[in-house]
Amino acid sequence: ISKDGWLTVSETTEYKVKTEDIGTRIRFEYQPIRNDKVAGQVISKEIDPILAQAPSVSNVQIKQNNTGLLEVTGDYYGGVEDHSYFLWHAYDADGKMHNIGKTQIPQIFPPEKLYGLKVEATYCPRRNDGEEGEQVLSSNYVIVKPLPSVISLDIFVENGQIRIGKVMKCN
């Protein structure tokens, strides 16, 4: 940090603004030098505090993960994300879309009534100051499969006795 309180973030002619720069001011400085190596006066330019772009999301995808949960992913832009939410949609046998819920997390446990149905999701991006961006529907869908289930389970213990510290395993 310089004596006047400024931190050097780049010594090249390019700088990509980062999320942590939001709300700060940036000062550009350069010193022109002629071909004969004579240095000119330092030129300095400050800009207004950096504002976050509007919240937005791209590349929205839905999948059924290996534990059976439906999961939405996307690439968020526009400051610090907070309180984004997700709308879930299922299509009945006639192709009619039904809204099936809203969550604050990008995963849902699919109930049995969704098995075999086409499901999509809408990602609703929201920034930490409450500004909401445009809602984006997933670019794909999933046909919901039943969750993995255990039909029967036997747990065996060594020598027929449960011992403190022993791990019980299901084979």
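By class, the second largest pocket is lined by six nonpolar, four polar and one charged residues. Here Ala, Val, Leu, Ile, Met, Phe, Trp, Tyr, Cys and Pro count as nonpolar, Asp, Glu, Lys and Arg as charged, and the others, Gly among them, as polar. Before going on, note that this is a predicted model, where local features need pLDDT of at least 70, side-chain atom pairs count only at pLDDT 80 or more, and totals for chains, interfaces and linings use all residues. Residues are numbered from 1 along each chain as its sequence is written, and side-chain values use heavy atoms, with hydrogens and water left out.

Back to that second largest pocket: its volume is about 170 Å³, and its lining includes Val17, Lys18, Thr19 and Ile22. A pocket is an open set of points on a 1 Å grid over the protein atoms alone, where a 1.4 Å probe fits, with protein on both sides within 12 Å along at least five of seven lines; lining residues have an atom within 4 Å of a point. Points are joined across faces, edges and corners, and the volume is the space filled by probe spheres set on them. The largest pocket comes to about 730 Å³. It has 22 lining residues, with Leu7, Thr8, Val9, Ser10 and Arg27 nearest its centre. Its lining splits into eight nonpolar, seven polar and seven charged residues.

Now for the sheet. Three strands line up as β3-β4-β7 in an open, antiparallel sheet. Strands (E, at least two residues) are DSSP runs numbered from the N terminus, and two of them pair if DSSP finds at least two bridges between them. At the edges are β3 (56-64) and β7 (107-108), each pairing on one side only. Seven antiparallel bridges join β3 to β4 (residues 70-77), and Ile62 stands opposite Val72 in β4.

On to the rings. There is one aromatic pair, counting Phe, Tyr and Trp (its six-membered ring) with centres within 6.5 Å. Phe86 and Tyr123 are edge-to-face because their centres are 4.8 Å apart and their planes at 65 degrees; planes under 30 degrees apart would be stacked, over 60 edge-to-face and the rest tilted. This pair links distant parts of the chain, with Phe86 in β5 (residues 85-91) and Tyr123 in β8 (residues 118-124), 37 residues apart. Both Phe86 and Tyr123 are buried (under 20% relative accessible area, 1.4 Å probe, protein chains only).

Two lysines also sit over rings (NZ within 6 Å of the ring centre and within 35 degrees of the ring normal). Lys102 has its charged end over Tyr85, 4.4 Å from the ring centre, while that of Lys118 is over Tyr141 at 4.7 Å.

Terms used
Helix = DSSP H or I, 4+ residues; strand = E, 2+ residues; numbered from the N terminus. Buried < 20%, exposed > 50% of the residue type's maximum accessible area, 1.4 Å probe, protein only.
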